[in-house]
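Dear colleague,

I am handing over the structure that follows, and below it I set out what was found in it. Please read the notes with the structure open beside you.

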Amino acid sequence: MICGLPCFPRAMALAWLLALVAALSACDQKQDIAAVPLEIDRGTSCELDGMLLADYPGPKGQIRYGGQDRPVFFCDTLELLNTLIAGEQVRPVQGAWVQDMARADWQQPQGAWIDARSAVYVFGSKRHGSMGPTAASFAQEADAGKFAEEHGGKVLKFGDIKSDMVDLSGGALHDTRM
């Protein structure tokens, strides 16, 4: 007998450890699969103000927090950016998405979801979203530049956006459509 009785507990511990690693890997895979954007429907409402997203123009956003099976939606990119940048979030963010306005219709945007943190934004354009002035979101910097040439504004990457640029104070006060 080469191993004898003392090898048995080590073999069991190794098997248990391998099973644990496999289970944890499966959990990580499940979280990755769950962290995908969902599409807006007629009943999708904004997390902050309850507005129905399908009723308003401009890019929308969504965030999926850890432990939640559905994302929360935002009727405007500034609301999403405020939540990510200026908000005091304690919940872990699994994913955050905005719409690529090079592929989505401004008046009735559907689909074209891209990662909000890798998107390029145009601030200060003449185009308005659901809450008035908004940040147009794009997957490609060239598309953002073309939009800025046509509609005005400044092209910024996510990392260049400061909290004072996404201040929401007074937004709903000026919305006459609510």
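This is a predicted model: local features need pLDDT of at least 70, side-chain atom pairs count only at pLDDT 80 or more; totals for chains, interfaces and linings use all residues.

Residues are numbered from 1 along each chain as its sequence is written, and side-chain values use heavy atoms, leaving out hydrogens and water.

The buried residues (under 20% relative accessible area) of helix α3, which spans residues 141-151, are Ala-144, Phe-147, Ala-148 and His-151. They lie on the same side of α3 because they cover an arc of only 100° around the axis, the arc being that of the directions from the helix axis to the C-beta atoms. Their cover includes β5 (120-123), β8 (136-138) and β9 (154-157). Just after α3, Gly-152 has a positive phi of about 80°. Helices here are DSSP runs of H or I with at least four residues, and strands are runs of E with at least two, numbered from the N terminus.

Elsewhere, four strands form an open, antiparallel sheet in the order β2-β1-β3-β4, where strands pair if DSSP finds at least two bridges between them. Its edge strands, each pairing on one side only, are β2 (72-74) and β4 (113-115). Three bridges join β3 (residues 93-99) to β4, and Val-98 stands opposite Ile-114 in β4.

How values were computed:
Buried means under 20% relative accessible area, exposed over 50%, partly exposed in between (1.4 Å probe, protein chains only). Contact means heavy atoms within 4.5 Å.
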